[in-house]
Amino acid sequence: MAQPTQPSPDRGTGSGPGKGPQEPARPAEAQKLGELLRTPGYRKTLVFCGLIGIPVSLAAFWFLAGIQKLEALVWVDLPHALGHDSPPWWWPLPLLLVAGVCVGQIVTRFPGAGGHIPATGLHPGGPGASALPGVILAAVFSLPLGATLGPEAPLIALGGGLAIALRHLTATPETPMSTALLGAAGSAAAIATIFGNPLIGAVLLMEVVGVGGPRLFAVMLPALLSSGIGSLVFTGFGRWTGLKTGDLSLKSSGMHFPRLDVGDVVWSILLAAALAVGIHLIQFGGRLTAVRVAKRPLTVTAVCALAAGVCAAAYSLGTGRSPADVASSGQATLAQLAGDPHAWAVGTLVAVLLCKGAAFSLCLGSLRGGPIFPSLFLGAAAGVLCSPLPGFGVGAGLAAGMAAATVSALRLPVSSVVLVVLVLGSTEMIPVAILSAVVALVTIELLPPGPAIPPVGRMAASAPPAP
């Protein structure tokens, strides 16, 4: 009888005594990825996603450049032409009233209702081609005229919508997968233009889309927290012993970064919890505003926008500073705050937190824009306000405050930490940023959610209620 052929040891197909070591099976996820990459339709979509970054980036560039030119015209050139060195205290009142009236008209008359309501957070993908004019117009009438919102949400909608509108160039079937890929690729290309960094665009859209679902967040939060604590222990122990293990940093030896200590960590955790509660109240108010806007879009949108202008005017009257500190996204003011934090008195910081927080809440439910830059500014202002506490530094306060406020507004922990590192231009504050982000995310998730936001205007006919 013929003997069965024994497997060769170097092939590793056997198992048990006397047989060669078994080659580990390829993970199922890796096999799926290989099969997906061998699919002609996916490769074609991948090439198109790379090419679509060119027109999307150009469109995003001109959109942002136009918004900034309009802002300069409204808040710098016009006041100077009228004989004012800076915008007077009443300046935001007529501007935001016009913004509210125009956005109310766009919401009720244009397809897509001018884009998603900011109080619902960031959304992946983009609207159809018919909704893009309304998205652009709503942003143009919101952001330059003083809405306390940022341009990131209109950019995501613009990039995703433009990519989906150009789908016919791929000659690929319209499927949920191809729509998600094109929308995410276009949105990432657009959002990278405002942050000046392609990495944050990719990371932000990965978290917004929800790659991996709740299971990924369940694994990622403990890993993020342990890495932050491990970094603190590793850094502190190295400074205590004077021993070095080497790293991959290429920074110059002449650069100076603040040293973290126990006070920075303790105050960062407490600040993160407090900011999570504060941002939750702002978002809760934004959702209440959005519910009322859905019932009477024209009237309530105008009233809420005017009320945001009142917040900016009250801040200017009380502090003597420009109302643009409140009636803006906060991007330019954030640079001033971080560059010279000691120029802001305690009373001014308290006033800007209260007034900008109220204006932010009103704009979240009525106008159109995004929540990132106002959240970054509020977190930075809170960090600077708390920095005189014993053992708490300005650098740690900025990092902890911005990370906590941003993750509370977005529920995106990794993106929030990367944003803080990008804004500060230093990795030394990553440990406190991570701790603050995790504490803030856990805190805000334990708080009761706000009311559900119904669709508004032309969105109501085609969209389900927002969560």
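Modeller: A helix here is a DSSP run of H or I with at least four residues, and helices are numbered from the N terminus. Please also keep in mind that this is a predicted model.

Colleague: Understood. How many helices and strands are in the protein chain?

Modeller: The protein chain has 16 helices and zero strands.

Colleague: And what share of the residues is buried?

Modeller: Of the 467 residues in the protein chain, 47% are buried. The accessible surface is about 22200 Å², and carbon and sulfur atoms account for 69% of that surface.

Colleague: What percentage of the contacts join residues at least 24 apart?

Modeller: The figure is 78%, taken among contacts between residues at least 6 apart in sequence.

Colleague: Let us turn to the loops. Where is Ala113?

Modeller: Ala113 lies in the loop between helix H3 (92-109) and H4. Its phi is near 55°, which is a positive value in a residue other than glycine.

Colleague: Is Ala113 buried or exposed?

Modeller: Ala113 has a relative accessible area of 0%, so it is buried.

Colleague: Now the packing. What describes two packed helices?

Modeller: Two packed helices are described by the angle between their axes and by the distance between those axes.

Colleague: At what angle do H14 and H16 pack?

Modeller: Helix H14 (residues 394-410) and helix H16 (residues 430-446) pack at about 35°, and their axes are 8 Å apart. The crossing of H14 and H16 is right-handed.

Colleague: Which residues in H14 and H16 meet?

Modeller: From H14 the residues are Ala396, Ala399, Ala400, Ala403, Ala404, Val407 and Ser408. They meet Val432, Ala433, Ser436, Ala437, Ala440, Leu441 and Ile444 in H16. By class, the contact of H14 with H16 has twelve nonpolar, two polar and no charged residues.

Colleague: What does Ser436 touch?

Modeller: Leaving out residues up to four places away in sequence, Ser436 touches Ser268, Ala272, Ala400, Ala403 and Ala404. Ser436 is in helix H16, and at 0% relative accessibility it counts as buried.

Colleague: How do the axes of H9 and H14 cross?

Modeller: The axes of helix H9 (residues 262-295) and H14 cross at roughly 35° and come within 8 Å. H9 passes H14 in a right-handed crossing. Among the residues making the contact are Ser268, Leu271 and Ala272 of H9, together with Ala400, Gly401 and Ala404 of H14. The residues of this contact of H9 with H14 divide into ten nonpolar, five polar and one charged.

Colleague: What about H4 and H5, and at what angle do they cross?

Modeller: The axes of helix H4 (residues 132-142) and helix H5 (residues 152-165) cross at roughly 160° and come within 10 Å. H4 and H5 are therefore roughly antiparallel to each other, since angles over 145 degrees count as such. Their crossing is left-handed. Leu132, Val135, Ile136 and Ala139 of H4 make the contact with Pro154, Ala157, Leu158, Gly161 and Leu162 of H5. By class, the contact of H4 with H5 has eight nonpolar, one polar and no charged residues.

Colleague: One change of topic. Where is Leu51, and is Leu51 buried or exposed?

Modeller: Leu51 is in helix H2 (residues 40-81). Its relative accessibility is 52%, so Leu51 counts as exposed. The C-alpha atoms of Leu51 and Gly186 are separated by 10.0 Å, while the two residues are 135 residues apart along the chain.

Colleague: Finally, where is Thr319, and what does Thr319 touch?

Modeller: Thr319 is found in helix H10 (residues 297-319). Not counting residues up to four places away in sequence, Thr319 touches Thr348 and Ala351. At 24% relative accessibility, Thr319 counts as partly exposed.

How values were computed. Residues numbered from 1 in each chain as written. Predicted model: local features only at pLDDT ≥ 70, side-chain atom pairs only at ≥ 80, totals over all residues. Heavy atoms only, no water. Helix = DSSP H or I, 4+ residues; strand = E, 2+ residues; numbered from the N terminus. Buried < 20%, exposed > 50% of the residue type's maximum accessible area, 1.4 Å probe, protein only. Axes fitted to C-alpha atoms, helices over the stretch in contact; angles between N-to-C directions. Left-handed = near helix turned anticlockwise from the far one by under 90°. Contact = heavy atoms within 4.5 Å. Nonpolar A, V, L, I, M, F, W, Y, C, P; charged D, E, K, R; others polar. Parallel < 35°, antiparallel > 145°, perpendicular 65-115°, else oblique. Areas by Shrake-Rupley, 256 points an atom, 1.4 Å probe, with all protein chains shown as cover.
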